[in-house]
Amino acid sequence: MKALIVEDEEYSAIELKYLLKKVDKSIKVIGIINSGQKALNAIKKLDPDIVFLDIKLNDLNGLEIAKSLLSIDEDIKIVFTTAYDEYAVKAFELNALDYVLKPFSEERLKKTIEKIRRNIEVEAAGPGKKFDEVKKLPVKSDSKLIFVDIDEIIYIEAEGRNSIIKTAGGVYKSLYSLKNIEERLKNSCFFRVHKSYIINLKKIREIIPWFNNTYLIKLSGCEGIEIPVSKTKANELKSILNI
C-alpha cells in the first residue's frame, strides 16, 4: 500500500513515517511533501493509495486540499493528521477514513491501518453477485439499509468517496463510490456522462447544447436539474443515442 505524507513539520513527518513502517511493513511511504500545493501537483504522478494529510499547512488548508484530491481521484483514502480536534466534524463530512491527533502513537496508528484495510476489503468485495441478479442497489435511509430497484434510479452523483442516488421516490446515500457503481451497472442502461455523474439513459428528456462541444441533460423525474456531459463523453453519448 502506497502512502503519501503531507506535513510541513519535519519532525512530525519523520515520526509518522517511522511509526507507519513499524506498525505495518507493507506500507511504503512514497513521499513526504511539505505543502498543499506541492501535494496537488504531485498526486497524479505519485498515485498514492492513502494520503496522511495535516489540516494546518503553511500555504493551504488541508480540508480544501482533501476536496481537490477527491476530485482528482474519488477512491483515494485520506487520513487527517493534526494537533487540533475542532476540525473533526468537517473532516468526516469529507468522508475521511480517520482523524489522528498529534502526538502520534503506535497503538492509534494500528487502529487507523486496520480501518484502512477493512475499507479496502469492502470495496474489493463490491455489492455482490446476488444483488446483481435481483437488480437492486443497497442504500442508506436514516438508520436503515434498503434496496432500490435500479430501474427506478434517475441519476447518481459522486459525493467524495461515496455517492448519492436520485430516484423518483427520494434521494439516498450509497455505500459505494461512483466507480464501483459504474462497474455494477456497466451492462445496463446507465452511462457515466461526467466524472461526477451517471445517468439512466431511459430517463433522458432533453439534451441542450452547451459551450465547447459539451451538453446539459434534463431527466424525467427531477425538474430543475441539469446534468453536465463532459467533452470526453459527448461523442460516445451521441453514438449510443444515434444522434
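I looked up strand 14 and strand 15 (residues 226-229) and found four bridges joining the two, which run antiparallel. Strands here are DSSP runs of E, at least two residues long, numbered from the N terminus. Two strands pair if DSSP finds at least two bridges between them. The model is predicted: local features need pLDDT of at least 70, side-chain atom pairs count only at pLDDT 80 or more, and totals for chains, interfaces and linings use all residues. Residues are numbered from 1 along each chain as its sequence is written, and side-chain values use heavy atoms, with hydrogens and water left out.

I then read the hairpin of strand 14 and strand 15, where six residues lie between the strands and Gly221 takes a positive phi near 100 degrees.

Next I went to the other neighbour. Strand 13 (residues 204-209) is joined to strand 14 by five bridges, and these strands also run antiparallel. Glu206 is bridged to Lys218 in strand 14. This hairpin has five residues between its strands, and Asn212 in the turn has a positive phi of about 55 degrees.

How many residues of strand 14 are buried? I found four of the five in residues 215-219 (buried means under 20% relative accessible area, with a 1.4 Å probe and protein chains only).

Last, I checked Asp98, which lies in strand 5 (residues 98-101). Asp98 counts as buried because its relative accessibility is 3%. Its side chain makes a polar contact of 2.8 Å with the side chain of Arg108. Such a contact is a pair of N or O atoms within 3.5 Å; within protein, one must be able to donate a hydrogen and the other to accept it, and residues adjacent in sequence count only if both atoms are side-chain atoms.

Conventions. Buried means under 20% relative accessible area, exposed over 50%, partly exposed in between (1.4 Å probe, protein chains only).
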